[in-house]
There are 2 protein chains.
Amino acid sequence: MIIVHKYGGSSVATTDKIIEIAKYLGEVKDQGHDVIVVVSAMGKRTDALISLAKEITKDPDKRELDRLMSTGEQTTIALLAIALKSLGYDAISLTGVQAGIKTSGFHTKNVIDSVDNNKINDLLKEGKIVIVAGFQGVNSRGDVTTLGRGGSDTSAVALAAALDARCEIYTDVDGIYSIDPRVYKEAKKLPLISYDEMMELAYLGAGVMEPRAVELGKKYGVEIYVGKSLGEKNGTIICAEEKCMEKKLITGISINENTAMVNIENIPTYAKNVYIVFNSAEKNGVNIDMISQNDVTASHGSMAFTCPKTDETALERTITEIKEALPDIKPEINKDVVKISLVGIGMISNIGIASRVFKILAENSISFHQVSTSEISISLIINGEDKEKVAVLLSKEFEI
Amino acid sequence: MIIVHKYGGSSVATTDKIIEIAKYLGEVKDQGHDVIVVVSAMGKRTDALISLAKEITKDPDKRELDRLMSTGEQTTIALLAIALKSLGYDAISLTGVQAGIKTSGFHTKNVIDSVDNNKINDLLKEGKIVIVAGFQGVNSRGDVTTLGRGGSDTSAVALAAALDARCEIYTDVDGIYSIDPRVYKEAKKLPLISYDEMMELAYLGAGVMEPRAVELGKKYGVEIYVGKSLGEKNGTIICAEEKCMEKKLITGISINENTAMVNIENIPTYAKNVYIVFNSAEKNGVNIDMISQNDVTASHGSMAFTCPKTDETALERTITEIKEALPDIKPEINKDVVKISLVGIGMISNIGIASRVFKILAENSISFHQVSTSEISISLIINGEDKEKVAVLLSKEFEI
């Protein structure tokens, strides 16, 4: 069968690691499979390239930044092809353009529109191992584009979809865990997880897989294996819900530490004031996550929202702008919070999860600042210091 | 008018240097010229990329090596475009493929077949500064190719030819000298030099310009300016013979220190033995330069040839092979020699140059090992220790 492998930056950080991957791919080829490999730039090369551009200007032109970044993956595909050929395997490297990956959107944040599989199919028929540059494609003007951070996952799944192939993502972690093992050391690795649960975990900040890649996998029914070691197959398979044997109530807990909370008190309760706040946030590029609002008096209310801590500069600009428009408000930024989320397909048909969560928190005198729910998740903003305690309590309660 | 600028690796080694070049190009644009820029990889980046490949295998696949090396120039064009745009100029970067540079031949040693000037002409009409990756093109299979060392000069001249433009090559040296100023400090910079003389100097090892670029300039009548500083125009113009006012007998002296000489004594004088020697040299990749041969006895002769010192490994393999085929020969490698060459269009119509050279050497008791002549040059292999002395004697004799 056809297998699309994907190796991230740390897996191809050195020529020794590239040789190791080449040997493994050779073995897979020898087993009779057709092999396609998607690779990222070596180690921290993308960051190094961006730094070069920032030495010139704070705000580099995006078309040219895409060209600059795309060289990182081109270097890796050439080196991996050189390694495979030196081992006696017939291999060929393709850029995103050559692999037929068509994209659209804004430079540095393109989305994949289509993949033309003719060229790759021909090369596979010739017995070649096909190596494709991840993270990149070409737009309708013939310009090189990139897919945003983590875009190589999306490249791999899109290729697997176009070629009716299995997708194997090799990364730093050896699979998907029910909860971050650094926080709760009894965390269990999941053999299977559904697309929907993985997407919730991904969007909620688990950080293992690019959510767009999982979404694409769901859309085209591509099974995605996520694992660490070459050869041993003890990672996690992301697949359709019906294939996930173990239907547990809660599949996983994600902890997102890149969270800041903003409280704004004494806002005159007019709809236009809410608009002022979120319009300013959007204009400045603050990615709003959770929002809550309540009326304190008939004329004034309070409001809170969360956003990534890394949006700090944009957030400060926003606060300054809002204070100019609404001089009476009292805004306050709290960076000492984390978002903890419970995710599970089982929630759809089980009510009462939220009340079990609140009961545990109450029994242990743990306060939370905000709460939000989706069909298959509950997220809470808690104080950073309560992180481990809440993780352990919830893990035990829901047998994660 | 249209001007094609070319900047080599050391001119674009840092982002500061790239910003400096961007400022200068902006000034040229402001003067009303159409500007095309060809750039090389930053500093020693090409060498660094080749080293990465060599970490994997001694003999990397050439197609993939071309891909690998071509990323160096792509990085520079993106950074230069970012710099120009940050200064408020409309600029766009093009790879060799996008610039319409079609090539053929062997990977890593391609030649330019044609340049499609439509895209660049359109971009110039839109008022853009067009930045083109040097050293690269695309072959008929759509693969990235490179043009061999110094290929960016060739890219620049080919673009100038296709666009009926002037070509300005900015490099480490501030022009073409009659003789290397490090060897003879009274060396004079030439304001003009003919294509033919420059080609002889280039092939003979002067190292300033890629000979193929000069040849292309001659073929299409492109005037090539070679200089160092931005703005000041005190370099050398390479142009047609009839434009070179000063018709001196000897235009320049080149000194090539990358020379080794091989003496082979006691070879049975059969044509097939000469073939054995040069066939083995060719197979092992030794670039033979000068050859001399003479019969010592009726049955045995001696032979000498020169080649680049840098072909040492290949040369040693060759010697081993020859000794296996012809066990009685006595080969000897002499690395302590240099090739010194006199070049001048004036030689065509002036006889007696060679005898003046031999007279000076005799008067000063300087011996030489080999001699060869072309229509406009005389080259001598001398001992390395005599280099300065011979350079000064010849410079004075021919008023260089």
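Predicted model: local features only at pLDDT ≥ 70, side-chain atom pairs only at ≥ 80, totals over all residues.
**Entry 1: a salt bridge in chain A**

I looked up A:D90 and found that it forms a salt bridge with A:K128, the closest N and O atoms being 3.6 Å apart. My rule for a salt bridge is a side-chain nitrogen of Lys or Arg within 4 Å of a carboxyl oxygen of Asp or Glu. Residues are numbered from 1 along each chain as its sequence is written, chains are lettered from A and ligands numbered from 1 in the order in which they are written, and side-chain values use heavy atoms, with hydrogens and water left out.

Where do the two partners sit? A:D90 is in the loop between helix 3 (62-86) and strand 3 (91-94) of chain A, and A:K128 is in the loop between helix 4 (118-125) and strand 6 (129-133), so the pair ties together parts that are 38 residues apart in sequence. Helices (H or I, at least four residues) and strands (E, at least two) are DSSP runs, numbered from the N terminus.

I checked accessibility too: A:D90 counts as partly exposed at 34%, while A:K128 counts as buried at 16%. For these words, buried is under 20% relative accessible area, exposed is over 50%, and partly exposed is in between (1.4 Å probe, protein chains only).

**Entry 2: B:K128**

Next I went to B:K128, in the loop between helix 4 (118-125) and strand 6 (129-133) of chain B. B:K128 is buried, at 15% relative accessible area. Its side chain makes a polar contact of 2.9 Å with the side chain of B:E126. A polar contact is a pair of N or O atoms within 3.5 Å; within protein, one must be able to donate a hydrogen and the other to accept it, and residues adjacent in sequence count only if both atoms are side-chain atoms. Leaving aside neighbours within four places in sequence, I found B:K128 in contact (heavy atoms within 4.5 Å) with B:V35, B:D90, B:I92 and B:L123.

**Entry 3: other salt bridges**

How many salt bridges are there over all chains? The search of the whole structure gave me 38.

I picked out B:R63 and B:D143, whose side chains meet at 2.9 Å, N to O. This pair links distant parts of the chain, 80 residues apart: B:R63 is in helix 3 of chain B, and B:D143 is in the loop between strand 7 (136-138) and strand 8 (144-146). B:R63 is buried at 13% relative accessibility, and B:D143 is buried at 7%.

I also noted B:K218 with B:D196, where the closest N and O atoms are 2.9 Å apart. Here the link joins helix 7 (residues 211-220) and helix 6 (residues 195-206) of chain B, with the partners 22 residues apart. B:K218 is partly exposed at 41%, and B:D196 is partly exposed at 25%.

**Entry 4: where chain B meets chain A**

The contact takes 37 residues from chain B and 37 residues from chain A. The area buried between them is about 2,900 Å², with carbon and sulfur atoms giving 61%. Buried area is the accessible area (1.4 Å probe) that two parts lose on being put together, summed over both. Which three residues supply more than any other three of the area that chain B buries against chain A? They are B:I56, B:R67 and B:I82, with 23%.

The rule finds 2 salt bridges across this interface. A:K85 forms a salt bridge with B:D61, the closest N and O atoms being 3.3 Å apart. On the side of chain B that touches chain A, the largest share, 16 residues, comes from helix 3 of chain B.

**Entry 5: two positive phi values**

Most residues other than glycine have a negative phi. I found A:F135 with phi near 75°, in the loop between strand 6 and strand 7 (136-138) of chain A. A:S365 has phi near 55° and lies in the loop between helix 10 (353-363) and strand 19 (368-374) of chain A. Buried or exposed? A:F135 is buried at 6% relative accessibility, whereas A:S365 is exposed at 70%.
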